[in-house]
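Here's a quick walk through one model, going from a single residue out to a sheet, a core and a ligand site. Have the structure open as you read.

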Amino acid sequence: MSTATDLAKRFSQNPLLSPGDLHPSMEGLEIACLLNPGVFQFEGKTWLIVRVAERPKQQDGIISFPVLDGKGGMQIMEIPSDSPELDASDARVINYKGQDFLTTLSHLRLLCSDDGINFREPEGYPKLMGEGKLQTFGIEDCRVSQVGDQYYLTYTSVSENGVGVGMKTTRDWKTFTDHGMIIPPHNKDCAIFEETVNGKYYALHRPSSVDLGGNYIWLASSPDSIHWGDHRCLLRTRPGHWDSKRVGAGAAPVKTEKGWLEIYHGANEAHQYCLGAVLLDLNDPSIVIARSEEPLMQPLAEYERTGFFGHVVFTNGHIVHPDGDRLTIYYGAADEHVCAADFSIKEILSHLI
Ligand code: MAN
């Protein structure tokens, strides 16, 4: 086994985006985290669809967070922080009187850039907010896949009913077709392949099983990109490894000569998130050709080790440059900032096979 690796060439401008860089969606809220962007090219620019996680400014002695009512309204929940019925040991989720809530409410926002480094919020594009009963705790971590001139947005829909995969499609980023929840709870980290294989759409997704099974990456196929079946378990967690507790897909896999190259996240029991890679057969993506033993990237930089939820590098978006080798991965650092790092696809492949 090779020694621990980190192949990332981090941008010197990191973090590219921090919570203070954008305005909150409404008065009374502040942006706590700006993270986990989906990435795509549109009209000659690089775009991010970033997760904006908001909450009221916190006051001493009270934990407060917004919840949507599913009918267009919002309510602020307030819980005394010394309540014996409160478990707030995880910065992301709390349990109060036996019920789980999120400490922030996320929506998705579009940013664009000419150089892939400096991003701005263009006018005339909508913010995507949680809607209806299945998104009362928000929408998160959007992957964007482009098939022809159609973009597929797959994101996490969160509510007290559970965590599932929502999908929208668009061609112009101003009007969207909502396909509702395409994969029911508990499921997230869904990335659709950017071309069909033998006439079928493919997607990676991540169910979570509380008893038998675990947080594993699965593969599904579909005749129409909306109805998914033929589910197969592709990649399991590995005891004693950096990806021992959970694994989940990043963005759509990159097509290479050697196979479909998927960058995925893996976390251990201590909730430390690293990135690794897996190579799938070009003709039959249910066949795993190779998987990285050691992480490709670990939370090493200060902005990855400390923040809203430290020791996290998490990606769900990247750009493959025209030379076919340079891969810019955009990622959430410590669940608080948006950062970027370059990789060489050849170098990743040489670590795999
Ligand atoms: C996990 C984390 C959170 C996220 C919830 C719901 O706890 O990824 O950031 O809000 O799941 O998806």
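Which strand does S145 lie in? S145 belongs to strand β10, residues 139-147; strands (E, at least two residues) and helices (H or I, at least four) are DSSP runs, numbered from the N terminus.

## Ground rules

This is a predicted model, in which local features need pLDDT of at least 70 and side-chain atom pairs count only at pLDDT 80 or more, while totals for chains, interfaces and linings use all residues. Residues are numbered from 1 along each chain as its sequence is written, and side-chain values use heavy atoms, with hydrogens and water left out.

## Around S145

S145 is buried, at 1% relative accessible area. Buried here means under 20%, exposed means over 50% and partly exposed is in between, with a 1.4 Å probe and protein chains only.

Its side chain reaches the backbone oxygen of I192 at 2.6 Å. Setting aside neighbours within four places in sequence, S145 is in contact (heavy atoms within 4.5 Å) with Q150, Y151, Y152, I192, E194 and A252.

## The four-stranded sheet

Now for an open sheet of 4 strands: the order is β1-β25-β24-β23, and the pairing is antiparallel. Strands pair if DSSP finds at least two bridges between them. β1 (9-10) and β23 (313-320) sit at the edges with a single partner strand each, so one side of each has no neighbour in the sheet.

β24 and β25 are joined by 8 bridges, and Y330 has A340 in β25 as its bridge partner. Helix α2 lies across β1, β23, β24 and β25, running at about 75 degrees to β25; that angle is taken between N-to-C directions, on a scale from 0 to 180 degrees, using lines fitted to C-alpha atoms (for helices, over the stretch in contact).

## The largest nonpolar core

A nonpolar core is a set of buried Ala, Val, Leu, Ile, Met, Phe, Trp, Tyr and Cys residues joined through side-chain atoms within 4.5 Å. The largest one has 25 residues, of which L261, Y331, F343 and I348 touch the most other members. Two or more residues come from each of β20 (259-267), β21 (273-280), β24 (326-333), β25 (337-344) and α2 (345-352).

## The ligand site

R51, R92, V93, L102, E140, T156, V158 and K188 surround the ligand, each with a heavy atom within 4 Å of it. For E140, a side-chain N or O atom is 2.7 Å from an oxygen atom of the ligand.

Note on methods
A polar contact is a pair of N or O atoms within 3.5 Å; within protein, one must be able to donate a hydrogen and the other to accept it, and residues adjacent in sequence count only if both atoms are side-chain atoms.
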